[in-house]
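Hi everyone, thanks for coming along. Let me put the structure up, and then we can walk through a few parts of it together.

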Number of protein chains: 2
Amino acid sequence: MKREPILINGSWLQSQSLIDSYRAVNPATGQPLESCYPVSSYDEAVQALTAAKQAAAELVRLPVDLIADLLDLYAEKIDIRKEDIIRTAALETALSVEPRLRSVEMPRTLNQLRLAAAAVRDRSWCHAVIDTKADLRSKYGPLAGPVLVFAPNNFPLAFNSAAGADFAAALAAGNPVIAFSNPGHPGTTKMFAETALEAVRESGLPPATLQLLYQIRFEDGFRLVAHSDTAAVAFTGSKSSGLKLKKAADAAGKPVFLEMSSINPVLVLPGAIEMRLKDVAQELFASCTMGSGQFCTKPGLVVLLQSVAAEEFLKTVAAHFRAAPPGYLLGEGVLKKIGAVVDNFIRRGALLVTGGKKMDGPGFRHENTLLRVSGDVFLAQPQDFQEEAFGSVCLLVYAENPDQMAAIIENLEGSLTGSVYSAENGRDDPFYDRIKPILRRKVGRLLNDKMPTGVAVSSAMAHGGPYPATGHPAFTSVGIPASFLRFTALQSYDHVREHRLPPELRDKNPTGRMWRLINGQWTQRDIS
Amino acid sequence: MKREPILINGSWLQSQSLIDSYRAVNPATGQPLESCYPVSSYDEAVQALTAAKQAAAELVRLPVDLIADLLDLYAEKIDIRKEDIIRTAALETALSVEPRLRSVEMPRTLNQLRLAAAAVRDRSWCHAVIDTKADLRSKYGPLAGPVLVFAPNNFPLAFNSAAGADFAAALAAGNPVIAFSNPGHPGTTKMFAETALEAVRESGLPPATLQLLYQIRFEDGFRLVAHSDTAAVAFTGSKSSGLKLKKAADAAGKPVFLEMSSINPVLVLPGAIEMRLKDVAQELFASCTMGSGQFCTKPGLVVLLQSVAAEEFLKTVAAHFRAAPPGYLLGEGVLKKIGAVVDNFIRRGALLVTGGKKMDGPGFRHENTLLRVSGDVFLAQPQDFQEEAFGSVCLLVYAENPDQMAAIIENLEGSLTGSVYSAENGRDDPFYDRIKPILRRKVGRLLNDKMPTGVAVSSAMAHGGPYPATGHPAFTSVGIPASFLRFTALQSYDHVREHRLPPELRDKNPTGRMWRLINGQWTQRDIS
């Protein structure tokens, strides 16, 4: 059986691993696709690590503009080849070519790479701080070692381990990347890596700037993150896998950035229910079912007060859920997990409002599913109702009164987002003021009158949040340039001779436009 | 036996714990001091946690200027009482009243509190980012929960858990602190906490803004950091204790900031040896023996090339070491650890140049100790020669040639600092250029022609570094305001109504002077 080659140190090689091989599955048919991919051995992964270590040492000696050039060139080359990539991604994920892959995710992917390139050229991201009196200068600098990127199943392009947000951030910060393909879309990932390799060659960067392995065994992954040459780890995926990886990385003292699970609570206050019932119901439906509900920011839990209007709200949402045809899920594992979570919710006392069953094949689909539970039942076992169902599943919690609603929010685990819908005329404001501080410390991004799906690539984005949504609440995985900071160390220079300083910290502003904090004032000027 | 009271929720209470009691020991006499302190029970610690959680909820609702007022008022009250505090600290630590405690550490402590107050008022530290087009705004906000501070033995004032750098940073970021006294200076810590309580009362902040327990059992500490109400942990101390605490915090997903151990390599390049032998020798001696060598940035390892001059350098340093009277150490544990490390170095092949024995009592002292080892022997077991000896102990590694020196640096573990001495005329520059990138990724602060002791409280300080120096290389524990970021979460506001935004993110600049990054430009202006 011919297997697709892995990319190590600039060469496409046949894996020597005898461990295993696998094929991706077309989620719309349930049938395996043609190409076959190796599960690499630990030794093979260490080979990549060794090459990446060397590349890291070269990268820190090169002008950062070369990294910017690479990112731009890579975007250009992807743009030329994008229809092939989109076709492969559609086969491997069953995500729609139009609008999803072609008009939304691919433009986002290209935009991310170009924004990262611009930020690298601008240099302000590294937060240069200069204290001339103490003769101390600091900035965030590259970890200068290999970053391992483990990618999620749900964004084959924008979070692809070889082209997506983590790749761009790790490289922009100055580190080489070892990409591990998500097993759901190895073909897409390979096409990206092929394109990247061309760009790496043409831009004169070290060949091991990006390397690709498709998969390794769990236990080998844990050893690899703990390897002395590994600089950091980025992981987006399930909580169970993420926590194991975190444990291995933590024990070895490796910075690890995980995005694991999030139920993204939406609080609908009484005034919003009464005055905008239909709109909010429509928005909730759209946010829950977009991409078959397979977004890390899908609203999985809605909290509202018991009322006649709140019952009407449920009916309206349920009608939308029933009317919409369920989309394909990314894989059989996703389908099974949804079934298990829905069953658990029901076993623990939630009532099924609509949906609840998997669909007949071919392909992997599950009915759009809505459940409800009382505040009392929720509070009796709050953790049990916060399992993430990665699909079009939403649980509505009906609180008896504002006190109980506050208690429910107090019992929420960390999420990426939290939304509050309230009356436009201000009548919900006292209620908002009460619950907002509780919600604020539970989420990374707080929204008003807006559903959480749709994560803008903005400098002001926080796509992160308290544990277990992520592993560290001070970082973001989306947003340029803040996402770069995950792959840096804070480095200061004490009494270092001027010509030995990195350009960003010398007296002369390296670009004439870079922002630096000099003696407490942000400025674009030179030090005179 | 009368025990000193603990401070819980604004009241000085007798501990109900039956676990144990202890006395501090005067390191200059080896005799226990009079006062007796309880080892608190887990339940007692949870009581403090519950009160702190409530305080945290109140703190986020109060204007931040009240926190600044408290920090200033606290500094003022310490200043009034400082002679008592200094006297107690001198008894408990055997550190000199003059110059150390009165002229160096106390002014630093007061300065830190006042700088923190000024940064809180200024607000620029929170790094407000506003993207008006996406209607997204972000900043670092308080964790809004209790921060547990475990303090080191070596700075009874400036790193005191109830008054030092971690206390100031956690509170400045908006979080209440539960201080655990270092067992070496509970009396000093109690005096700080008494003073803080007065300031808390007068400034109208919640009584549990600062609480004090002296000690808890290890296993209770691990449970406590994992408690759902704990927001974060700051620890400065030994690597063995730090790693255990890290494991407990990591497993519970709690942000934990540790400063654990550092050998602070000093590289002396050939030109510096030849041209400034006596000066460098004198500086090394002073840096190694200051405070009896009990600084986290004490240079513990010197790397240099074999040469006649390098032998002369060693003789000069050794003469200084021999001539200087050893100072008192902070405790018997410190003394024993030094002996064990020196014995290990010798057993592994290092040669004793001078010192090597503990001194006769009373009190805890160890001879100033210098050892040497060849590059070959070092490289055969590099980790074994990187154990931290917290005292006036220094190991010189003699490399055969530049290649071996590079290999030695490549094999160093993470440290807080790394220093390079080189010729002033530029003849060492090619050598410097070769080793600098290797050293750069091993240390937080890189110095030229300067020893690492002396950690300025500057905005450009990085007092941190790669594992195992600390638990995360992107943070600093010294330096205002950067040290605040340890106790924050990155929080964004998406489409949030203007009047509901925190003042720092509203259109109008809250102070008229705060720096904010608005649409990519740092500015002090309002949004118009």
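Let's begin with one residue: is Ile527(A) buried, exposed or partly exposed? Before the answer, a quick reminder that what you see is a predicted model. Ile527(A) comes out as partly exposed, because 16 other C-beta atoms lie within 10 Å, whereas a buried residue would need 20 or more and an exposed one 12 or fewer. As for where to look, Ile527(A) sits in the segment that follows strand 24 (521-523) of chain A. Setting aside neighbours within four places in sequence, Ile527(A) has contacts with Ile130(A), Thr132(A), Asp507(A) and Ile518(A). Asn509(A) is 18 residues away from Ile527(A) in sequence, yet the C-alpha to C-alpha separation is 7.7 Å.

Now let's turn to where the two chains meet. Chain B puts 59 residues into the contact, and chain A puts in 60. On the chain B side, the elements giving two or more residues are strand 7 (128-131), strand 8 (136-142), helix 13 (429-440), strand 21 (443-448) and strand 22 (488-494). Which of these gives the most to that side? That is strand 22 of chain B, with seven residues. By residue type, the side of chain B that touches chain A splits into 31 nonpolar, 16 polar and twelve charged.

There is strand pairing between the chains, too. Strand 22 (residues 488-494) of chain A runs parallel to strand 21 of chain B, and three bridges join them.

Staying with chain B, here is a pair of helices. Helix 2 (residues 64-93) and helix 5 (residues 186-203) of chain B pack with their axes 8 Å apart, at an angle of about 155°. That angle is over 145 degrees, so helix 2 of chain B counts as roughly antiparallel to helix 5 of chain B. Their crossing is right-handed. The residues in this helix contact comprise twelve nonpolar, five polar and seven charged.

Last stop: an open sheet of three strands in chain B, with the order 3-6-12 and mixed pairing. Strand 3 (20-22) and strand 12 (215-216) of chain B each have a single partner strand, so they are the edges, and one side of each has no neighbour in the sheet. Strand 6 (residues 37-40) of chain B runs parallel to strand 12 of chain B, joined by two bridges. Within that pairing, Val39(B) has Gln215(B) as its bridge partner.

That's my tour; over to you for questions.

Terms used
Residues numbered from 1 in each chain as written. Chains lettered and ligands numbered in written order. Predicted model: local features only at pLDDT ≥ 70, side-chain atom pairs only at ≥ 80, totals over all residues. Helix = DSSP H or I, 4+ residues; strand = E, 2+ residues; numbered from the N terminus. Contact = placed C-beta atoms within 7 Å. Axes fitted to C-alpha atoms, helices over the stretch in contact; angles between N-to-C directions. Parallel < 35°, antiparallel > 145°, perpendicular 65-115°, else oblique. Left-handed = near helix turned anticlockwise from the far one by under 90°. Nonpolar A, V, L, I, M, F, W, Y, C, P; charged D, E, K, R; others polar. Pairing = 2+ DSSP bridges.
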